[in-house]
Amino acid sequence: MKDIKSMTLAELTDDLLALGEPKFRAGQVYSWLHRGARSFDEMTNLSKALREKLAGQYELNYPTVARCLHSQKDGTIKYLWRLHDGNCVESVLMQYHHGNTVCISSEVGCPMGCAFCASTLGGLVRRLTPSEMLDQVLFAQMDSGLPISNIVLMGIGEPLDNYDTVLRFLELVNSPEGMNIGMRHISLSTCGIADKIDRLAQENLQLTLSVSLHAPTDEVRSKIMPINRRYNVDTLLDACKRYFEKTGRRISFEYAMIRGVNDTPEMAQILIRKLRGIAAHVNLIPLNDVAESPLKPSFPEVVRTFRQTLEENGIPATVRRTLGSDINASCGQLRRNFEREKSLGKE
Ligand code: SAH
């Protein structure tokens with residue numbers, strides 16, 4: 001059966017016209033779906049006959065809350081969603097001054113294998129569907145009562161490894177008849193699949209592209225990010241340049257500060273050289289400790305000096321505020337702990 005919440009309004013309209021319904025009916029159904037209806041029976045402005053017909057033809061899924069953690073410090077809420085097939089993914093809702101932001105997952109697990117990341121430890125289980133991405137925004141808003149205005153695709157998974165789904169999700173969440181979240185309020189983070197960055201540039205969307213750089217040399221980057229063996233630093237940065245030329249959107253580079261690995265003054269100098277001529281902003285992220293990894297976070301004074309060096313050389317850099325540190329809010333860790341408990345029979 002077709003997953004109805006993954007369909008665009010145009011597709012739904014075609015289907016309903018073929019069922020002999022008037023055009024406005026599709027708008028009604030779409031509106032119910034994008035307000036988080038859990039069943040066709042909730043769609044009370046449709047006839048019972050039509051509701052039954054739809055229920056017989058389409059799949060309508062929604063996630064349930066498997067775990068929910070509230071930060072006492074800053075209001076951050078972390079959700080572990082159970083999907084209809086029992087798999088779990090995480091989202092994090094952060095309350096910023098510029099609006100409530102939800103960080104969503106694009107895959108169950110991740111195939112990319114970055115050495116510092118908890119999401120990839122068990123590999124890729126499966127990719128999400130468009131509706132499963134949309135539901136993370138929709139149900140975070142419904143559960144929390146907080147209106148969501150911003151989205152970051154920085155949860156579990158590699159969005160550009162699930163390209164078509166992510167594009168469809170963007171179309172759905174951006175649609176005026178749906179949540180109507182503007183592209184300028186959406187960020188997509190990638191580990192650096194250069195050919196997909198080129199493809200994304202052609203879509204000419206106004207979203208913010210974040211690139212997880214984490215190291216400016218192939219030697220260091222290949223050690224911590226296997227994707228670098230396929231698309232090296234120069235190949236990646238060339239794609240970033242083309243992305244900027246096509247879209248006019250400045251690129252945000254993420255750089256997790258790892259003690260003794262990528263945080264030395266020499267690394268800062270190489271980074272400055274590599275980013276010269278690119279409209280960039282560098283986001284320095286204190287590494288989150290992942291129990292399974294020997295990599296440790298840089299010392300705070302090292303992070304400060306690194307940032308200063310970048311700024312002095314004309315590269316805008318900020319140190320990311322860590323939200324939700326009391327609830328283990330970094331991606332992948334909640335799902336991992338949950339899966340471990342389940343396998344120990346504690347659930
Ligand atoms: N796959 C995408 C998006 C998900 S990860 C990507 O690679 O960009 C979101 C960000 O968190 C990425 O920059 C990722 O490198 C970073 N990250 C992963 N594990 C981390 C950790 N332990 N500490 C700090 N940042 C981490």
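Tutor: In sorting residues by class, Ala, Val, Leu, Ile, Met, Phe, Trp, Tyr, Cys and Pro count as nonpolar, Asp, Glu, Lys and Arg as charged, and the others, Gly among them, as polar. The model is predicted, so local features need pLDDT of at least 70 and side-chain atom pairs pLDDT 80 or more, while totals for chains, interfaces and linings use all residues. Residues are numbered from 1 along each chain as its sequence is written, and side-chain values use heavy atoms, without hydrogens and water.

Student: How many charged residues does the shell around the ligand have?

Tutor: The ligand is surrounded by 16 residues, each with a heavy atom within 4 Å of it. Seven of the shell residues are nonpolar and seven are polar, and the number of charged ones is two.

Student: What share of the ligand's own accessible area does the protein cover?

Tutor: Accessible area comes from the Shrake-Rupley method with a 1.4 Å probe. On its own the ligand has 530 Å² of such area, and the protein covers 92%.

Student: Is H214 buried or exposed?

Tutor: H214 is in the loop between β11 (208–212) and α7 (218–224), where helices (H or I, at least four residues) and strands (E, at least two) are DSSP runs numbered from the N terminus. Its phi is positive, near 65°, although the residue is not glycine. Buried means under 20% relative accessible area, exposed over 50% and partly exposed in between (1.4 Å probe, protein chains only). With a relative accessible area of 5%, H214 is buried.

Student: What is the relative accessible area of N180?

Tutor: N180, in the loop between α5 (163–174) and β10 (186–190), is another residue other than glycine with a positive phi, near 60°. N180 is partly exposed, at 48%.

Student: Within what arc do the buried residues of α1 fall?

Tutor: In helix α1 (residues 9–18), L9, L12, T13, D15 and L16 are buried. Taking directions from the helix axis to the C-beta atoms, these residues line one face of α1, because they fall within an arc of 165°.

Student: Which residues are exposed on the other side of α1?

Tutor: The buried residues of α1 pack against β1 (2–3), α2 (24–33), α3 (48–57) and β2 (58–59), with contact meaning heavy atoms within 4.5 Å. Exposed on the other side are A10, D14 and A18.
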